[in-house]
Amino acid sequence: MDTLQAILLGIVQGITEFLPVSSSGHLQLAKELLGVELENNITFDVTLHAATVLSTIVVLWRELWQLLRGVFSKSFNDEQRYILNVVVSMIPAGVVGVLFADQIEALFSSLWFVGLMLLLTAALLTFAYYAKPRQRSEITTRDAFIIGLAQAAATMPGLSRSGSTIATGLLLGCEKSKVANFSFIMVIPVILGKMLLDILSGEMAAMSVETGVLISGFVAAFVSGALACKFMIEIVKRGKLIWFALYCAVVGLVAIIGTLC
């Protein structure tokens, strides 16, 4: 992997981590186009995820700081309730990650499956766009668990995590801006947990990646991720998810047709 490839993959990761178009699916497609075996390079993968986590923290630092301050209150408050909801939302993804990690990993080699999941993402975004449930100001623990189920399903390549969680939240009637923030905050501990497992696996020690390549990918993913995070929050507020549904449908069809030709 050279520096240009690292930058391009970092940009793809940063943008698609937040936009509802599936980062895993696009990274798989980008890997095919650039000839990079990204799934076999744990060091680079962890670096990109670290960059997107940092970009989320930077963009949502006010919300995160408020949550952190509220944790130490002696009485149960809104911040502690929010953190409880985040913990509840992590349960489905944790179960899927532990029990089905190998099966899900095997799906990354199938561009046909990636295309199919992109079409499913398009369908989900379209449904959320046209459905008009009455909006509620708070995300309940029940809502958090259901959104967590959507996040767990989105571990499959091509099924957008942000698209699935945001669309599910909207269908449940959650307020647009709050479900967008929750979608991005709830993934922070999940990504950190996945990074920790990758590090503890010992596979990173066997990887030799140039420092300049890692830094280039990290910076590209961080900058593009921060911009995409801000952009996506505004898009959700305006209810313009239908354009991403069209995009996912086109890319999904191209991926499926490409495997058949």
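Visitor: How far apart are the end C-alpha atoms of helix 1, and what should its 16 residues span at 1.5 Å a residue?

Guide: The end C-alpha atoms of helix 1 (residues 3–18) are 23 Å apart, which agrees with the 22 Å that its 16 residues should span, where the expected span is 1.5 Å times one less than the number of residues. Helices here are DSSP runs (H or I, at least four residues), numbered from the N terminus. This is a predicted model, in which local features need pLDDT of at least 70 and side-chain atom pairs count only at pLDDT 80 or more, while totals for chains, interfaces and linings use all residues. Residues are numbered from 1 along each chain as its sequence is written, and side-chain values use heavy atoms, with hydrogens and water left out.

Visitor: Which residues of helix 1 are buried, and what do they pack against?

Guide: Gln5, Ala6, Leu9, Gly10, Gln13, Gly14, Thr16, Glu17 and Phe18 are buried, meaning under 20% relative accessible area, with exposed over 50% and partly exposed in between (1.4 Å probe, protein chains only). They pack against helix 2 (23–34), helix 3 (42–59), helix 8 (161–171), helix 9 and helix 10, with contact meaning heavy atoms within 4.5 Å.

Visitor: Switching topic, at what angle do helix 5 and helix 9 pack?

Guide: Helix 5 (residues 78–107) and helix 9 (residues 176–200) pack at about 65°, and their axes are 9 Å apart; the axes are lines fitted to C-alpha atoms over the stretch in contact, and angles run from 0 to 180 degrees between N-to-C directions. On the helix 5 side the contact is made by Tyr82, Asn85, Val86, Ser89 and Met90, and on the helix 9 side by Asn181, Phe182, Ile185, Met186, Pro189 and Val190.

Visitor: And where does isoleucine 139 sit, buried or exposed?

Guide: Isoleucine 139 lies in the loop between helix 6 (111–130) and helix 7 (141–153), and it counts as buried because its relative accessibility is 12%. Leaving aside residues up to four places away in sequence, isoleucine 139 touches Asn85, Ala144, Cys174, Lys178, Val179 and Phe182.

Visitor: How many disulfides does a search of the whole structure find?

Guide: The search finds 0 disulfides, a disulfide being a pair of cysteine sulfur atoms within 2.5 Å.

Key. Helices (H or I, at least four residues) and strands (E, at least two) are DSSP runs, numbered from the N terminus.
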